[in-house]
Amino acid sequence: TGAVGLYNVGQSCCLNSLLQVFLMNIRFTGILRRITVPPCAAQKRRNVPYQMLLLLEEMQCGKRKAVSPINLACCLSAYRVKLFVQYDAAQLFLTLWNLIKRQMKKPELVEELSYLYTICVQEHLACQKCSSETKRNSSMLTLPLPVLDSNSDMLKTLEDCLQYFFRPEELTDHNMCFCEQCGRKTPFLQSMKLVHLPQTLTIHLKRFCFEKSAYVHKLSHYLPFPQDLDFNAILTEDQCQADDNEKATWQYELFAVVAHSGSTSCGHYCAYIRSLTECKWYCFNDSEVCQVWWDDVKCTYGHFNLHWGETAYLLIYMKKHPQ
């Protein structure tokens, strides 16, 4: 089944959870299997994609319930990803992905990796006095969704978070921008439009926020997310900058949840992943792997009174009908 655990080798629960999400994605491993093998032993030890490939082969070839990611962890330590350090899963995901992309030598694999994970948006900035507008295309690896609105009220569903993220925002008072046509600072309307969604979509629920005292606080309130997600039913026409062929592929189903339990200073990560070959859900908790059901995954919706409880932090969706 590929449901093999990873031993914790030094507060590596965050790394282990992300590795399981990468290696259970057969589209990612299809790219990984085609990398160029480094020519010498020293380069092999420092090459992240190659060490991930060795780990994948060890997980698939052996009959042990878990294997050790120590060689990959040592490889990552050369790039300042140290053991015995608590990491934020969203930040570590970005670090890992950039290392993988940078160390893949074949341009076609880099392109495939980018197409597999990269979100494309178009940022709009319009002067409210003269209507002049600037547009800029940009890409991101995750959709970083706030779980509170501007009044610090809790958003109730994942769909609410998506709508709030793509809402237009008025820039007034001290947030006004300089307009070259008007020759002065004026109110602007800032908006973001969706251009392209990848085959594997990663959503980052921003459950960690700074309070006025600079203390990082975890937001554990109830926030349900669906198994099936259709962006056409969530976003308006004004929030999209894509043709009908692109929009036809914007239907997703949930593939994985990286969940966090504990506090901001003392926490633990595990991953719930749906096997693409069996269509069964598994919980990957370091070396322990067990089959679970959708009701178990729903337990990561969160609860306002359970600050130490398990809450979804990263949601990974896959396209139902990729082009």
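## Pairing of β10

Two strands pair if DSSP finds at least two bridges between them. Strands (E, at least two residues) and helices (H or I, at least four) are DSSP runs, numbered from the N terminus. This is a predicted model, in which local features need pLDDT of at least 70, side-chain atom pairs count only at pLDDT 80 or more, and totals for chains, interfaces and linings use all residues. Residues are numbered from 1 along each chain as its sequence is written, and side-chain values use heavy atoms, with hydrogens and water left out.

β10 pairs with strand β18 (residues 311-319) in the antiparallel sense over 5 bridges; the bridge partner of I203 in β18 is L315. With strand β5 (residues 143-146), β10 pairs in the parallel sense over 4 bridges, and P144 has H204 as its partner in β10. Of the 7 residues of β10 (residues 200-206), 6 are buried, so the strand is largely enclosed by the rest of the structure (buried: under 20% relative accessible area, with a 1.4 Å probe and protein chains only).

## The four-stranded sheet

An open sheet of 4 strands runs in the order β4-β3-β9-β6 with antiparallel pairing. Its edge strands, β4 (133-140) and β6 (169-171), each pair on one side only. Strand β3 (residues 119-127) is joined to β4 by 8 bridges, and E123 stands opposite R136 in β4.

## Helices α1 and α4

L19, Q20, F22 and L23 in α1 meet M52, L55, L56 and M59 in α4 (contact: heavy atoms within 4.5 Å). Helix α1 covers residues 13-23 and helix α4 residues 48-61, with axes 11 Å apart.

How values were computed
Axes fitted to C-alpha atoms, helices over the stretch in contact; angles between N-to-C directions. Buried < 20%, exposed > 50% of the residue type's maximum accessible area, 1.4 Å probe, protein only.
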